[in-house]
Amino acid sequence: MASNIPAASAVLWNPSADEHDPISARTYGFWLYLIGDALLFCGVFASYAVLDNPVNAAGGPLTAQVINAPHGLLQTFIILASVLAYSLGTVSLKTGNQAGVRLGIIAALLLGAAFLYISGSDLLALAAQGDGPTRSAFLSVFFTLLLTHGLHMVFGILWMLVMLVQVSVLGFTKDVVGRLLNLRLFWQFQATMWVCVYFYVYLLGGSR
Amino acid sequence: MNPPKQRRASLPSKLFLILPALLLPGCTTADLRLFHPVGLVARAEMHYTLILVITMLIIIVPTLLMTIIFPLRYHHSRNAKYTPDWHFSLSIELLAWGVPLAIVAFLCYLTIKGVYAVNPWAPGILANAPGASQPPINVQVIATDWQWVFIYPDQGVATIDDLVVPAGRIIHLQMTSTSNMNGFYIPQVVPMVDAMPAMESKDAFELNHPATYTGFSTDFSGAGFSWMQFSTRVVPQAAFDGWVQSLQSSPSQLTYAAFQKIAQPTVNVGAKPAYFSAPDKNLFNEVITAAMQGVVYPVPDSFTKRVSDNSAQGAQAPASPQ
Amino acid sequence: MQVALDGPWSPLLGRLSLAAIPYSNPILVSTFAVVVVLGIVIVGAALRYGKVGYIWREWLTSVDHKKIGVMYIILGLVMLFRGFIDGAMMRTQQLLADGPNSPGYLGAQHGYLPPYHFDQIYTAHGTLMLFFAATPLVAGLGNLIVPLQIGARDMAFPYLNATSLWLTVSGAALCMISLFVGEFSNATWVGLMPFSEMPTNPGVGVDYWMWAFQLSSLGTTFNAINMIATIVKMRAPGMSWFRMPVYCWSSLTTNIIGLSIFPVVTVALTMLGIDRYCGTHFFTAGYGGNFMLYVNLFWIWGHPEVYFLMLPAFGLFSEIVPTFSNKALFGYPTMVAASFSIGGIGWVVWAHHFFTMGMGPALNGYFSAATMLVGIPTGVKAFNWLFTMYRGRITYATPMLWALIGLVLLLIGGLTGMMLSASVFDYTVHNSLFVVAHFHCMVLVIGAALFAGVTYWWPKVFGFKLDEKNGQMYFWTFVIASLLVFVPLFYLGFAGVTRRLDYIYNPALKPLLWVSEGGIGMYFVSLFYFGKMLYVSLRDQIPAAADSWGTGRTLEWLTHTPVPFYNFAVTPQINARDELAWRKAKGLEGVQPTQYVPIHLPNNTAVPVILGALATIFGFAMTWRIWWLSLASLLAIIVVVIIRSFDKNEGYILSAEDIARMENRIALASIVAEQPKRPALVQVEAH
């Protein structure tokens, strides 16, 4: 059909192309997961926006009556401190300092647990006074939003526990480093989500 | 690089001779009720549909022709002109985007105009209807599981599965439902609108000639859904007044307590009507309020399992309102 | 917060009891018998020929994208068959139960199915066809072809890929279990609210549906992540964005859609689950619940989901039409633009699924107009395919026939879809059989594309073509059957017949129902030819060439047929958009690599299968509210994942000598060949 040219003038095979950077692909994949997770939160936030309405409170309380504003502020500081602690831990990762990484994770973990304790006790107190999630559609979505975030935090803490063991047992292998970096993304993302919750529920909702 | 030689698929395509059978049902359109709209609203729907379809055919028909002609014309056995490397033409692409864009723009204009004309809440088209000078007839519709309750608040009568309206008057329908979403629809007459629990929706129509139509639910609501027909009878004004008077003396009165019995899950086989006098003035709003407060008419598991052997009188669940 | 249950509950077995087994229903008992016999035949054959170990080692535990793709396709075809049987039962019921004097059989008042059973059948039909037939077929073809077309060794995350497959399988398994233990949902595949809530649906059916849906959508989300990462990160050197085959583009668009919508339906279903399990009030009518919220959330997922399935179909046409026209695809850049337009518009049109819910003319008008916009890029695609054929050299091979009928169906479906998008028309046929006929036209476009794709790439995967003669008989009988079934449904829609009716009150419609039933009979004929096609092709196994159709243009036709498990002996360097066509034009298509380098490949793993099995148990336990088992299986899933994360296995290295040996005797490297055991690499600390 077309004129034949010598094979040598075109590069047809590339034996050096086989190595893809696994951490790069892995981090990219994790970013994609975070997009999915963000859309999950979007769905819950949208439902919250729809149901945060006197009609949907069915005579029960609305945002301003159910939030504990000082606790919310405290939780915000705690979760940001937790992210800071973890990030300082990953600074030690650069120098290969296992103890530093462990310290950062433990600090982040404890702060996360404190956050969950405050959140959990607030929700339990609310339920105990009769304003549980079955009281009205608004309370259903209020509990669901906070618990969605809380469950993510629980999962993050579980992940941190596993990483504490893996750092000690496996050392800084490619897999472990990849996981530590993804966990940092995950933890930062949960803090971002909490800031959204704080802004939307505690500040905007509380001021109505 | 010649394409592999292949026989044209002539034998199997003969099977296509069966297809003219599909046209047979089209010989009569009597059953195709949507082609026979009555009343201003339904006729407007048909009118817009026809213009829309004809506009769409402007692009569909040539494309269909190309889809048939190109594969035949450029089959390898015909040795037609062959340009293997021709793969882009700005003018064709501009046409391919531009023509559909122009047609869709026109369609959008038309459909938005149409949707205002037949808006079930307040059909623009009914503003100039002959009956617009008289006050409308109000009918409140409550869909239960699985019957239709029609309340005439101004006349003080109510029916089950029998909508009777006078000719030449605008009918305003207010709709709600006890526990499930149902679609209210009378083909040829009104636009379909959902009747939903704890909410009020609206519909309207006007018919000028006495006739009978069948309406039904269009949104699945459970085991008795297929039997949710109701008759729509358009009668002369005098006959309507007489009908109302005859019902007003009916001994069974539609109180809220009576309604609660009716609202229990019931398969009304054959859509047998029932009639009541003196419906509770506030019944419609009470049903909405009750639904908002969480009143449901539950369908027990056992009921759905034995609905197969429902008797000719219709099956009803054991009464246990919550 | 325990919800009051309708019926007994025990701590050990939850709601499960012997009464849940429908042994008194002759239809289900005979179905069960057939399933058991088939199971015995398959397992027996595997035992008889000593293939159990082979199937476990080489298939079930495989992380090879091609094998996973093939397993997806097998799952899809099996579920397609079950969904078809459901459809046949529905049509037969409507034929029999037409008019008040219609007879009743098997205890039903009309027809042979009581309403409750009929409702489960159409719910299962919709659920199965979408999630367990169409989605696995689309995902399977994507898995098979995308890595080959971009010159990659595998997907970006092979282990995640297998997990996606087995999560989808676990959803399908729950649907199958529901046939014989308990019941399936009767609340339609979309889950009507508040009908799916406890008061009106106290049984386990909705729970089965919900968990099957959740598990499969989780699998699909993972698959979407994997596909996007693969396409973005794993392309062969030289393959710039605009050298990518259009099928990869449509895979990319479709998985961006998938990633963005499936979380939304996860939220909607989770809220329904919390309602059903904890007694909250998201979608109830009372206590401030808002069931319209569910309808919106569902269709925010549901409408893009249509394009999620449709865009790969368009991508398949864009591969098949150029190949069998022996001509480059016309208008490549606008094809890409059109894919993204369709995906983008798909997000903002969801409310056209409920024009009758009373949104008011402004919103209805907006959603009508937005929906109509989809017609523009779709039209562009149709024109581009037509101009690809224009001045081409067309061959009527089976894939091309499927593509052509797909185009015709797209025009019919497009016309009726544009009609429906006008809310003024939708007010008259919403929820009618007209809508059913319309979206079946559209899913038949997807079906035609999938059959085209399977026939087109079959030789690449297995090394021999599907029998052309029986394939064409299958094609013609299938097309005629589809027309016979669905054209009468358009008429019935005009006659005002609603969908989901187990009883049709108007006996005058009998002739139309008969025509439709005739189509079902024709489908059985086409099924016979499908079986015969498979049988003849497997019996003869006529070897196919690397470029099996002779006019292939893209990269996958460059490697051997059947494709080796390592895809390409050496990664190709990409020089043009249609790489193979470019090499053919330069006379380079026969040039093989002169030297090989070792290839790093992942080891097979049983973890995804175990996760799938545990997920099935979890779904089953949650459905029946067996709390201890739910908790145990959930913990087991977490423990398995943690254990796996301690695995130091880094895969294995295929040496250059091995590759040379396999390249010389390609049968050794075929994807169905058993691979020799290879020592696993062990990861060491980097620091």
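**View 1. The two domains of chain B, with C-alpha centres 41 Å apart.** In this predicted model, local features need pLDDT of at least 70, side-chain atom pairs count only at pLDDT 80 or more, and totals for chains, interfaces and linings use all residues. Residues are numbered from 1 along each chain as its sequence is written, while chains are lettered from A and ligands numbered from 1 in the order in which they are written. Domain 1 of chain B runs over 32–117 and domain 2 over 124–296; these bounds come from an automatic or database domain assignment.

**View 2. Where domain 1 of chain B meets domain 2 of chain B.** Here 13 residues of domain 1 are in contact with twelve residues of domain 2 (contact: C-beta atoms, placed from the backbone, within 7 Å). H1(B) gives the most, with six residues. Sorted by class, that side of domain 1 has nine nonpolar, two polar and two charged residues (nonpolar: Ala, Val, Leu, Ile, Met, Phe, Trp, Tyr, Cys and Pro; charged: Asp, Glu, Lys and Arg; polar: the others, Gly among them).

**View 3. Chain A up against chain C.** Look for 49 residues of chain A in contact with 52 residues of chain C. On the chain A side, the elements giving two or more residues are helices H1 (22–51), H2 (54–57), H6 (137–170) and H7 (174–207). H1(A) brings the largest share, 15 residues. By class, this side of chain A has 29 nonpolar, 17 polar and three charged residues.

Notes:
Two residues are in contact if their C-beta atoms, placed from the backbone, lie within 7 Å. Helices (H or I, at least four residues) and strands (E, at least two) are DSSP runs, numbered from the N terminus.
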